[in-house]
Amino acid sequence: MFGLIGHSTSFQDARRKAMDLGYDHIAEGDLDVWCTAPPQLVEHVEIVSAVGKTIQGAYIDSCFVPEMLSRFKTARRKVLNAMELAQKKGINITALGGFTSIIFENFNLLKHQHIRNTTLQWERFTTGNTHTAWVICRQLEINAPSVGIDLKKARVAVIGATGDIGSAVCRWLVDRTNVAELLLVARQKQPLLDLQKDLGGGVINTLEEALPKADVVVWVASMPKTLEIDSTNLQSPCLMIDGGYPKNLDAKFSGKGVHILKGGIVEFFTDIGWSMMELAEMDRPQREMFACFAEAMLLEFENCHTNFSWGRNNITLEKMDYIGNASVKHGFSTLNLKTQFQAAVA
Ligand code: NDP
């Protein structure tokens, strides 16, 4: 069985969802009440892949909401409790979705393997970052030419280049896509220098330097909400792939040669018959999902029960090939500008 650990996008959404599910006593509570609410396994699902393999899965709502991010101990407890529940339910491989993987890594939850009388088995969990990185690279390769960008001549900026996903994207762009120039953007200097050495290339830029020059911008960083972009200062055409969570870019930048694509999103070939992606505000929640969630499904389809994506900067091109091949085989495709546009006008 595969599992997905997620959360609502806001406290307000979480309350509405709890009311729909009949958890009135929690729904009516304030944020302090929600801070003590245990995780809930809210949905079971059965999925048949494009090659006829059937798997079972479950969605666990961690009862975390982004408003709790500043409450360090609460956020930590929410993630660990949800992982404990997944393990106790016997789930083989569970993806940490949304903020839960960020909390796991940034709060160093590897130190917290013992929850009450449970020892968390890390091999039952994955961040899903390998599939996310592969999906973003394929989105770039498919969509840049469709808006008139020749990748062999293009400058590509990766915002969040030194991160787990960003560094994997950079390796792929250098080794596989062969873009003309790679611009590496992050705040800390030393990891950028290490990455540049590791890649054997790439130009270190600030965000302000990179944006006006780039034909393609890959966003794989959670940026401050106050981020302002002067869209008149960008290349035209310019493809922006927004892989961050929450999404960094507003669709208001689209137009006049600027194309914004939601990054790290995949579409299944058929309706799944679940309600869990409505929480994640997907345009087509019966088919679309975060690539990290899909990674847990793929690992279950492939009987590959291991913490496939784990820790920082462990994503290899071979692992991206493996998960990418599985993705295509079992019926996933990347979200592209055309499908995104069709969903927007539907
Ligand atoms: P990491 O924490 O490993 O990396 C974040 C990167 O962003 C680092 O390079 C960091 O470097 C950089 N960064 C952070 N803030 C800024 C800033 N203000 N300006 C420039 N660079 C910045 O994160 P991951 O690679 O694990 O995840 C990246 C993003 O992808 C996250 O937003 C995550 O939520 C999202 N994601 C999406 C998924 C999907 O399925 N669609 C799945 C998993 C993750 P520095 O600190 O030096 O600035």
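Which backbone atom lies 2.9 Å from an oxygen atom of the ligand? In this predicted model, a backbone N or O atom of D164 takes that position.

## The ligand and its shell

The protein covers 88% of the 920 Å² of accessible area that the ligand has on its own. The shell around the ligand holds 26 residues, of which T162, D164, I165, R187 and S222 come nearest. By residue type, the shell divides into 12 nonpolar, 11 polar and 3 charged residues. At least two shell residues are supplied by each of helix 6 (129-146), helix 7 (164-177) and helix 10 (291-301).

A polar backbone atom of A291 is 3.4 Å from an oxygen atom of the ligand.

## Salt bridges: R116 and E84

Side chains of opposite charge can pair when their charged atoms come close. In this model the count of salt bridges comes to 15, and one of them joins the side chains of R116 and E84, with an N to O distance of 2.5 Å. This pair links distant parts of the chain, 32 residues apart, with R116 in the loop between strand 5 (114-115) and strand 6 (118-119) and E84 in helix 4 (residues 72-88).

A network of salt bridges links E84, R116 and K88.

Because D283 lies in the loop between strand 14 (265-268) and strand 15 (288-290), while K262 belongs to strand 13 (residues 258-262), the pair ties together parts that are 21 residues apart in sequence. D283 counts as partly exposed at 38% relative accessibility, and K262 likewise counts as partly exposed, at 27%.

A further salt bridge is formed by E302 and K329, whose closest N and O atoms are 2.8 Å apart. E302 lies in the loop between helix 10 and helix 11 (317-329) and K329 in helix 11 itself, so this pair ties together parts that are 27 residues apart in sequence. E302 is partly exposed, with a relative accessible area of 23%, and K329 counts as partly exposed at 41% relative accessibility.

Key:
Residues numbered from 1 in each chain as written. Predicted model: local features only at pLDDT ≥ 70, side-chain atom pairs only at ≥ 80, totals over all residues. Heavy atoms only, no water. Near = heavy atom within 4 Å. Polar contact = N/O pair within 3.5 Å; in protein donor to acceptor, adjacent residues only side chain to side chain. Areas by Shrake-Rupley, 256 points an atom, 1.4 Å probe, with all protein chains shown as cover. Helix = DSSP H or I, 4+ residues; strand = E, 2+ residues; numbered from the N terminus. Nonpolar A, V, L, I, M, F, W, Y, C, P; charged D, E, K, R; others polar. Salt bridge = Lys/Arg side-chain N within 4 Å of Asp/Glu carboxyl O. Buried < 20%, exposed > 50% of the residue type's maximum accessible area, 1.4 Å probe, protein only.
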